[in-house]
Amino acid sequence: MAFPHLQQPSFLLASLKADSVNKPFAQRCQDLAKVIEDFPAKELHAIFPWLVESIFGSLDGVLVGWNLRCLQGRVSPVEYSIAMEFLDPGGPMMKLVYKLQAEDYKFDFPVSYLPGPVKASIQERVLPDSPLYHNKVQFPPTGGLGLNLALNPFEYYMFFFALSLITQKPLPGTLHIRTSDCAYFILVDRYLSWFLPTEGSVLPALSSSPGGPNPSPAPRTPTMPFASYGLHHTSLLKRHISHQTSVNADPASHEIWRSETLLQVFVEMWLHHYSLEMYQKMQSPHAKESFTPTEEHVLVVRLLLKHLHAFSNSLKPEQVSPSTHSHATSPLEEFKRAAVPRFVQQKLYLFLQHCFGHWPLDASFRAVLEMWLSYLQPWRYAPEKQAQSSDCQARCVSERWAPFVQENLLMYTKLFVGFLSRALRTDLVSPKNALMVFRVAKVFAQPNLAEMIQKGEQLFLEPELVIPHRQHRLFTAPTFTGSFLSSWPPAITDASFKVKSHVYSLEGQDCKYTPMFGPEVRTLVLRLAQLITQAKQTAKSISDQCGESTAGRPFLSWLGFCSTDTNGSYAANDLDEMGQDSVRKTDEYLEKALEYLCQMFRLSEAQLTQLTLALGTTQDENGKKQLPDCVVGEDGLILTPLGRYQIINGLRRFDIEYQGDSELQPIRSYEIASLVRVLFRLSSAINRRFAGPMAALCSRADFLGSFCRYHLTEPGLADRHLLSPVARGCAARRPRGPRLSLRFLGSYRTLLSLLLAFFVASLFCIGPLPCALLLVLGYLLYAVAMTLLTERSKLHHL
């Protein structure tokens, strides 16, 4: 990437570039550490942009860099330990950052690589709401190529580090790497622990050299006029800022400038991809998706949220409440109080709304779900959590968390409704989907949480006397002068006003709120309870059918000598892969989820029974499931709207069977195509040549006739009255009479079984011919036994 004002001859830069090609990784890092230690900042500032790009990759994704997202200690232990030591918060790279920071160097960062809403805002000359961008936008000179941000070294490093999570695409073969084991994920955790400490009130001291002075943040210089976006004034005209002069904030606030910068960079780069206006446009079914997060991206955001909860909950007891705020409070303690509501809440809400609405309906949504649930439970990361008894099954949520629940009301209520709409469209027979429903129900059913949510809804729905137009924006966009702490709004004790401000700031003044415990959401919960009940019955049916099919499977079918059932009753899902243990887990998850939902919404047993009967999930007198709701038309059965709903949600199904000539079924993946075609021609020739003798044998009344009828006659169709006229025509055109089928010999399993038999026979030195005779004899014995069993069952039936 080109940086015009830095393109000057540098012997050091040329030497390091040559070493990056010729020297091994360990030697390069060792040389870089020595260069950082020995050279002055004047020489180092020329190599800094190149070094950052060579580590994290280019912003356009062409250069991969060190590929930290795929670097794992158990795979490449030497490279991993060297990279982690070099990039550690106290390592050589940070020493270089602080060395340059002390000299007030600036580095250009192109605006075109910022998240969409920020880029659009700056290009329209409207100032983004985050203080991170203030006094940094540099307009190009005449003939320039684009807008840039003038960043200090720490900001520049963190911008590249955060954006590498998004810009760098995973390499082929790295899709199954565990994110939590990668160098990038662990570095994020280390940076959060270092710059957002949960213990103590002072950040670790930093200095460019042992015993040297601590560098202060670079001053913010004035820039060109911008409009403030985030402050909504009563005037219809945009209010432009004619000049932005640097304001000398409280010198004590310099203590946390790195913490403030780190958090703002992570939130802006990882979460600020959707604005409120963009979110409202995305509600249209014709809207084009702008940014799609990955599962790895979501896991890193969850790590950030968990640490922020621990960071905020490490406040001293006397400083937890905003009302106790005083000038004696340290900047770090004040930052802990303001970090989540000031920087995270709105951007996280829009991010989660997008994920809930656009994430695929598969098990990968579990990452988004756990991120959401982690944010909803700050009490899990409170210091007193360790003091609670581990054997207490149902911990009551303390009233201490009522303000958090009320000030994050939409995070609980609207996103819960979004999850319900997803759950109603998923296959709950799948253990992974059942687990997600169980997790959400378990979290929301924690004692006292539902009551807190209801209290928050009551506060929001209270009639308002006077609320100034857009007054709620004061909570999310204070004036920006110096540090953000100097403009944090005073504490407002009116709980109702707080809740209304929260809702309006996230959804807009004209939002339509749907109460979580109102009739509309209760209807959705009842529908989910219906699907849970049906999914439990379906899982049990699959389990029973699998057991019956396994128990009734003939011995030689394992060797491939019997035809494969082509009319499976259920579509494939992960139950087929995991077996009985999976059915048991699904049943447990759904049973507990239903119990939690009944507890939350006070559903009675009578209601559940009525819902089950209304769905028609009971079995008929023959023990078989009923068909989907349909009517008889001229061309056969026609589904009603209820029947379509039942099929889409897996409540009922048709027993679909192949209705054509079994010999003409499509060739399957486990069959050898050329061999199947040859065997079909051979069996067709035999059937044409010996049609008369085979019919005569099948017409005999003795044992030989029964034997031939069992193995040569084409089976008839059951339930022919359910077929449409077209299907009856297909059945009528099928070949009739006895036929010989050799298709089973065309499968890989049959050939492998034959090879295995020949191999076993060769071990006993009996030769290939006796082996073949033994196989034929074994098959004949099996056929005779099956014939006898069939005749016996017929006599017993009579």
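**Close-up views of a predicted model**

**View 1. A nonpolar patch around L752.** L752 is exposed, at a relative accessible area of 57%; here exposed means over 50%, buried means under 20%, and partly exposed falls in between (1.4 Å probe, protein chains only). This model is predicted, so to speak with care: local features need pLDDT of at least 70, side-chain atom pairs count only at pLDDT 80 or more, and totals for chains, interfaces and linings use all residues. Residues are numbered from 1 along each chain as its sequence is written, and side-chain values use heavy atoms, with hydrogens and water left out. You will find L752 in helix α28 (residues 748-763); helices are DSSP runs of H or I with at least four residues, strands are runs of E with at least two, and both are numbered from the N terminus. Together with Y670, Y748 and L755, L752 makes a nonpolar surface patch of about 430 Å². Patch members have over 30% relative accessible area and no salt bridge; nonpolar side chains (Val, Leu, Ile, Met, Phe, Trp, Tyr) are joined within 5 Å, and like charges within 9 Å. Areas come from the Shrake-Rupley method with a 1.4 Å probe, and for residues only the protein chains shown count as cover.

**View 2. Helix α12 and its bend.** Helix α12 covers residues 331-358, and its end C-alpha atoms are 39 Å apart, in agreement with the 40 Å that its 28 residues should span at 1.5 Å a residue. That expected span is 1.5 Å times one less than the number of residues. Look for A338, where α12 bends by about 55 degrees, with the proline P341 following within four residues. The bend is the angle between axes fitted to the seven residues ending at a position and the seven starting there. Of the 28 residues in α12, 25 are buried.

**View 3. K347 and its contacts.** K347 sits in helix α12 and counts as buried, at 9% relative accessibility. Setting aside neighbours within four places in sequence, K347 is in contact with D129, V267, E268, L271 and H272. Contact means heavy atoms within 4.5 Å.

**View 4. The surroundings of F419.** F419 belongs to helix α15 (residues 409-423) and is buried, with 5% relative accessibility. Beyond its neighbours within four places in sequence, F419 has contacts that include F356, F365, L369 and W372.

**View 5. A buried salt bridge, E370 with R439.** The closest N and O atoms of this pair are 2.9 Å apart. The bridge links distant parts of the chain, with E370 in helix α13 (residues 365-376) and R439 in helix α16 (residues 431-444), 69 residues apart. E370 and R439 are both buried. A salt bridge is a side-chain nitrogen of Lys or Arg within 4 Å of a carboxyl oxygen of Asp or Glu, and the count by this rule is 18.

View 6. R584 is partly exposed at 41% relative accessibility, and E588 is partly exposed at 38%.
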